[in-house]
Structure formats: C-alpha cells, structure tokens
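Hi everyone, thanks for coming. Please have a look at the sequence and the model on the screen, and then I'll walk you through a few spots.

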Amino acid sequence: MQLLPLIADVRSSGEVLLLFHEVVVGLGADAGVFLSCLRDDATQTSFRSMWACDPSWAAAYAAHRWFEHDPWLRYASSNAEPIRSSDLACSSNQEIDFTNAAAQHGFTPTLIAPAPSPVGLSRVGVLCLGSVDPSHLDGESYPKVRVLARALAMELHHWIARSMREELLQGGHLTEADLSLLRHEAAGHSSKVIGAAMNLEAKTIDCRFQRLNAKLGAPDRRSAVRIARLYGLL
C-alpha cells in the first residue's frame, strides 16, 4: 500500500521496474509480468512489458511469440475482473502450451488482473502474478491480494500510457498548434472552418495537416486523430 502511490511519480523505466519488483514480493508472489498491448489498427500491434521474474521467461515469451497465444492477454481483452488461471479455460492447444511454459517459470498458480483502458480494445493491459505455491491464491489473504493486484495493474497501465504519450510528443516534435489542429479535426471541422478560426487560408491548413500527418506516421487526417486518441493526446 505504501509503494503503490509512488509509481505515478516515477520518471524512469528503471525506477518503475524496481518498484514493480518490490510490490510483487510484497504481495507474496514469486514472479510478476505486466503486458501492455497497443493496437493501432487491424494489422499493427506493439507491446510494452515489465518483468519481475526469471529473465529467461521474457526471452522465451518473445522467441515463441507467445503473445499470439496468451490466454491471459486474451482474457484481459474482454474482461475487467481479476481471475485465477485455474478458473480460465484454454481455447486452443497453443494456449495449453503457453500455460505449461509459464508454469516452468514460476507462474502456477497465477492471478490475472486486467487493466481496462478508456480507449477500449485498442489498448489492453494485464498484470500476471505467479507463485510456485499452489495454495498462494486460495488462502485468507487472497481477497486482499486480488484488490491490490488490480490497483497495481492500473498504476502500471497508467505509467506506460503516460510514457508512450511523452515519447510521441517529443519524438514527433509536436507543438501546441499541432494539437489544436487535431482537436479541430476530431470535432469534425473542415479546413475552411479551421482556417477561419485561425485566420488562415484553407490551403494553409491542408499543408499543416500534411506536415502533422508525417510527424505521426499517419496516411491521412482521420488516422492522425485515431493515433492521437490512442496515445492519449486528445
């Protein structure tokens, strides 16, 4: 309880990882992983992760592309309630293989705590706390661990979202004028309407949007707004 509020004020990934390790130990778990899945569109998916476990599990997860067959991530994509892995049925042989592999790295049993996002399924977060003791999630302490795991999941999800937002702002060199254009576009305003509000010609607004789209790697204005919303700029 004392460590959780500290996560929001941490700036570096190294510091937040240290806090993550401390909280995982404080919750009585032997291993912890937090995954954040960002889906820009139907074809592009990116992941951010934090690992408080055997490093070989992180390497195996990436090498085997387990994120494509991760039942815990699947569960978090459509549910908000924490759940024990023993209460979650696998839907394929690949998910069974994943569960067996995770068990070899300290995730048996496992508490799965989803972190819902205001942008819906475009951004999904999930905290997984594992133990080598089968009774860890069945004792009197489980209700408290469940509540704290949910809080930890949300704090980590918020931290990663903020980090990604700052990276996009700085990496794309976005200005307040760029954000103003995005807000106008999100409101459905045409170049003529935006130009009138800014005392500029419509063709000037179109040129500015071309530069803004390039900064965001977006093919058009609508896509630029979608990306901005996904990263919390709007």
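Let's start with Arg 84: its charged end sits over the ring of Tyr 142, 3.8 Å from the ring centre. By "over a ring" I mean that NZ of Lys or CZ of Arg is within 6 Å of the ring centre and within 35 degrees of the ring normal. Arg 221 lies over the face of Phe 209, at 3.9 Å from the ring centre.

A quick word on where this comes from. This is a predicted model, where local features need pLDDT of at least 70 and side-chain atom pairs count only at pLDDT 80 or more, while totals for chains, interfaces and linings use all residues. Residues are numbered from 1 along each chain as its sequence is written, and side-chain values use heavy atoms, with hydrogens and water left out.

Now, how many aromatic pairs does a search of the whole structure find? There are 10. Rings of Phe, Tyr and Trp (its six-membered ring) pair if their centres lie within 6.5 Å; planes under 30 degrees apart are stacked, over 60 edge-to-face, and the rest tilted. Tyr 61 and Phe 67 have ring centres 6.5 Å apart and planes at 45°, so this pair is tilted. Tyr 61 is buried, at 6% relative accessibility, and Phe 67 is partly exposed at 24%. Buried means under 20% relative accessible area, exposed over 50%, and partly exposed in between (1.4 Å probe, protein chains only).

The rings of Trp 72 and Phe 107 are also a tilted pair, with centres 6.2 Å apart and planes at 45°. This pair links distant parts of the chain, 35 residues apart: Trp 72 is in helix H3, and Phe 107 is in the loop between H4 and S4. Helices (H or I, at least four residues) and strands (E, at least two) are DSSP runs, numbered from the N terminus. Both Trp 72 and Phe 107 are buried.

Next, find strand S5, residues 123–130: 8 of its 8 residues are buried. Which strands pair with S5? Strand S1 runs antiparallel to S5, joined by 8 bridges, and S4 is joined to S5 by 6 bridges, also antiparallel. Two strands pair if DSSP finds at least two bridges between them.

Finally, the angles. Most residues other than glycine have a negative phi, and most peptide bonds are trans. Asn 199, however, has a positive phi of about 60°, and the peptide bond from Thr 108 to Pro 109 is cis, with omega near -5°.
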